[in-house]
Amino acid sequence: MQPFALIRPTTLLAARDRVHEHPRARLFRAGGVDLLDRMKEGLDAPAELIDLRTIADEKSLRGINPDPAGGCQLGALVTLAELAAAAELDAVLREAAGSAATPGIRNLATLGGNLLQRPRCWYYRNVDLVCLKKGGDACLAVTGENKYHAILGGGPSFIVHPSTLAAALLALDASVDIAGDTPRNIPLADLFVGPKQDPTREHSLGPGELLLRVVLPPAPPGRRSAYAVAKEKQSHDWPLVEAAVSLSLATGVMTQVRVVLGHVAPTPWRSREAEAVLENQAPSADLFRKAAAAALAPARPLRHNAYKLPLAQGLLREALHRAADLPLPE
Ligand SMILES: Cc1cc2nc3c(=O)[nH]c(=O)nc-3n(C[C@H](O)[C@H](O)[C@H](O)COP(=O)(O)OP(=O)(O)OC[C@H]3O[C@@H](n4cnc5c(N)ncnc54)[C@H](O)[C@@H]3O)c2cc1C
Ligand code: SF4
């Protein structure tokens, strides 16, 4: 790893200005879990890390703050461990945060850093290889080892989005507040950039822009939710596939249904097809099977990852059954 300076600004403006001037040589550091991995791997070699944790004049970076209207604001520096332990948050978010990585990582890793971490594709992570993501002219996963890659929405790059929190937050209709020359609030879905738009990046933040907080709108009456995940090694591995679901059951039929799959596509994958099957219907095992089939109907697996189709269907059914409190059939 190349030597670097750790800068500890105390104001938001100082942090932003520093990165804005030299966005390649100066990077924000939150928990540092992904960033330091990338530096050790030789993928990034910033001269300075700008520590976000010393910023003292911007309260919205910190805390889990319910708002009077019934929503909640989550500071970008809140850790995964804090989210997992926050009883006031929806189950889908607590379960997702509590399942990611290891207890040690969850104590360090932050909400903002989790959403903005870079993909795990091993061709990208190998400093000696130059694929589309690093400005090359081909996706090496297409003809190479693609067991962990996208089955939905892929091309020309086939990464899967690495953030576990992203799927859960999309299921809760989250938006994000961004600090920059043009401060703004955007739907979380608009934070993510797919490879058809630009294969070299995964988010839409400009140089020196900072994710301040995630905003959760008030929950509809009777909202229930669940998260399901499969990993090779349950204790500490990356997800193979994830399913995040929320729905309202106030009137006996499901409304405001959100179905999001993780680790199947370059961006967290909201399945409008599954939602259309479920909306305004009473929950049943048969309906959940149909919704899972509809969610995976557009899938186009690569050579080594067709296993993700039945896995995603099974996880989605599990999450729907748990959210609707309906026992899973044997
Ligand atoms: C063994 C292992 C297993 C893992 N399993 C999972 C898993 O199951 N699910 C999962 O989601 N992740 C998993 N991870 C990844 C880990 O959760 C992420 O690396 C971590 O969440 C990143 O958060 P951080 O705060 O450390 O980010 P950092 O490493 O500090 O930052 C990540 C990136 O975001 C930028 N950044 C950070 N905060 C902001 C901000 N507020 N505004 C603008 N830019 C910002 C940084 O400049 C950097 O480029 C795993 C990691 C390991 C090592
Ligand atoms: S999936 Fe993306 S990151 Fe991986 S080899 Fe292909 S272009 Fe590179």
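An oxygen atom of ligand 1 is 3.3 Å from an N or O atom in the side chain of Gln117. That pair is a polar contact (N or O atoms within 3.5 Å). This is a predicted model: local features need pLDDT of at least 70, side-chain atom pairs count only at pLDDT 80 or more, and totals for chains, interfaces and linings use all residues. Residues are numbered from 1 along each chain as its sequence is written, chains are lettered from A and ligands numbered from 1 in written order, and side-chain values use heavy atoms, without hydrogens and water.

**Ligand 1: contacts and cover**

- The backbone also takes part: an N or O atom of Ala30 lies 2.8 Å from an oxygen atom of ligand 1.
- At Leu211, a backbone N or O atom lies 2.9 Å from a nitrogen atom of ligand 1.
- On its own, ligand 1 has 980 Å² of accessible area, and the protein covers 91% of that. Such areas come from the Shrake-Rupley method with a 1.4 Å probe.

**Ligand 1: the shell**

- The elements giving two or more residues to this shell are β2 (26-29), α2 (33-40), α6 (111-116) and β8 (210-216). Helices (H or I, at least four residues) and strands (E, at least two) are DSSP runs, numbered from the N terminus.
- Ligand 1 has 32 residues around it, and Phe28, Gly32, Val33, Leu35 and Thr110 come nearest. A residue counts as near if one of its heavy atoms lies within 4 Å.
- The shell splits into 17 nonpolar, 10 polar and five charged residues. Asp, Glu, Lys and Arg count as charged; Ala, Val, Leu, Ile, Met, Phe, Trp, Tyr, Cys and Pro as nonpolar; the others, Gly among them, as polar.

**Domains**

- The chain is assigned domain 1 (1-50) and domain 2 (223-324). These bounds come from an automatic or database assignment.
- Their centres, taken over C-alpha atoms, are 36 Å apart.
- Both domains give residues to the shell around ligand 1, so ligand 1 lies between them.

**Ligand 2**

- Around ligand 2 there are 13 residues, the closest being Cys121, Cys131, Cys139, Ser157 and Phe158.
- By class, these are 10 nonpolar, two polar and one charged.

**Backbone details**

- Gly155 and Pro156 are joined by a cis peptide bond, with omega about 0°.
- Pro156 is in the loop between α7 (122-125) and α8 (164-171).
- Asp173 is not a glycine, yet has a positive phi of about 60°.
- Asp173 lies in the loop between α8 and β6 (175-179).

Conventions. A polar contact is a pair of N or O atoms within 3.5 Å; within protein, one must be able to donate a hydrogen and the other to accept it, and residues adjacent in sequence count only if both atoms are side-chain atoms.
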